[in-house]
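Please have the structure open while reading the sections below.

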Amino acid sequence: MTGRRRTAYPRPFQFVIGTAVAGALLSGCGVLPGGSGGSGEPVTVMTWAPDQVDAADAVTMPGVPAMAKTYARWINERGGIDGRELRVITCDERDTAAGAERCARQAVDREVAAVVGSYSRHGQSAIPVLESGGIPYIGGYGASDEEFRSYLSYPVNGGQSALLAGHGRQLAGGCERVSLVRPDSLGGARMPQLLNTGLLAAQRPESTDILAPENATSYDEQAGRALKRRAGGDCVAAVLGARTETFFDSFRRLEPEGERVRISSVLGSVSQPLIDRTGGRTSPFEGAFVTGWYPDAGDARWNGMREVIREHAFGDTSIDPDDTGVQTTWIAYTVLKAVVEAIDDDTVTANKVTSALNRGTEVDTGGLTPVLRWRFKDLLGTSPYPRIVNADVTFQVVREGRLTAQKKGFVDVTEALSDARRAVG
């Protein structure tokens, strides 16, 4: 993004407004300057996500840092956070372990107050670096297990574990039997137990476990197995990340003419941008059940974020308000705002942010999540996800090419996550 505005702080701030310096790229990272002023020292944070990638199967999330920059422009034009200018450093972690570690080291070197609203699949490389520097990690997307284990991580959702536990409950309401197509990997091995907790609670049989290679270009074999086991009332769930689209391409192509098996997935494997890109109303995902973390993208509770994007993103097309990464970044910065306002000091440091979070600063996200708080007694406290404080999910369905609410409100899957832990323990 090349556009820049000078931040103008309204009264009652009587400080001299300095000229903002254009953000220079440093090791693939850019600094978003805002106006100076306010009642305290500027608050500097970092947001990272993959943008420029090399591998064909790499994930790109350019909307995440773009949303962070947009949030900073908006809040600084309103006078900053509690009178403090918000400065956002962004870093391209390139969806590699080395890139994630590099971004984390820069966060430590720059002594940021927190890493906020970021995306990385390589938490095993980044989180230990943040821990060594005492930098809190607020509201990451939830793409790595370390985000739900580190004592310096403050997640805003329940990650894939909550989605799968909730997905079993969602499918139990409309599916007699379920086939689960999941990665043949260590992470994939936990998926059936999580899904089955919801199925078994509703007296449904356990899912049929169909393993799939993570980087295949075709899933004809797995689709054939799922179709072979089909019967009236059966559903096929696929949770393969970026390869979910590839599986359902194979599945719909092999599906007998005139038949339509109900399919399903979770956010992160299926999203509104994916549905749009694959045909909208004619998408292979039409009619699919999907479990998410937040209200559907058309919910009025997202209107505030949409307005900020409209007025402050300068037409940046990388920011899709329907994208879960963008939504998570908005929520994470909402957390940061609440924490900074709770710190009664002229300076905001990583240690002060951590202390405020651990003391139980409450964060009202306007109904996008339950009220968030990270005191010890608020934590789920079960391995491998002891840091979860929000185990709520939403049930959605694809209708007319849009993800819409299948069930109003949130569904708490805390008990299901605990049951799944006992099952695998």
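## The link of Cys175 and Cys235

Cys175 and Cys235 form a disulfide in which the sulfur atoms lie 2.0 Å apart, and this is a predicted model. A disulfide is a covalent bond between the sulfur atoms of two cysteines. The angle about the S-S bond is -85°, and the link of Cys175 and Cys235 is left-handed. Cys175 sits in the loop between helix H4 (159–172) and strand S8 (177–183), while Cys235 belongs to strand S10 (residues 234–238), so the bond ties together parts that are 60 residues apart in sequence.

Are these two cysteines buried or exposed? Cys175 has a relative accessible area of 1% and is therefore buried, and Cys235, with a value of 2%, is buried as well.

## The link of Cys91 and Cys103

A disulfide is also formed by Cys91 and Cys103, whose sulfur atoms are 2.2 Å apart. The link of Cys91 and Cys103 is left-handed, with -85° about the S-S bond. Because Cys91 lies in strand S4 (residues 86–92) and Cys103 in helix H2 (residues 97–109), the pair ties together parts that are 12 residues apart in sequence.

Cys91 is buried, with a relative accessible area of 2%, and Cys103 counts as buried at 0% relative accessibility.

## The pattern in the whole structure

A search of the whole structure finds two disulfides. When the bonded cysteines are counted along the chain, the disulfides of the protein follow the pattern 1-2, 3-4.

Technical notes
Residues numbered from 1 in each chain as written. Predicted model: local features only at pLDDT ≥ 70, side-chain atom pairs only at ≥ 80, totals over all residues. Heavy atoms only, no water. Disulfide = S-S within 2.5 Å. Helix = DSSP H or I, 4+ residues; strand = E, 2+ residues; numbered from the N terminus. Buried < 20%, exposed > 50% of the residue type's maximum accessible area, 1.4 Å probe, protein only.
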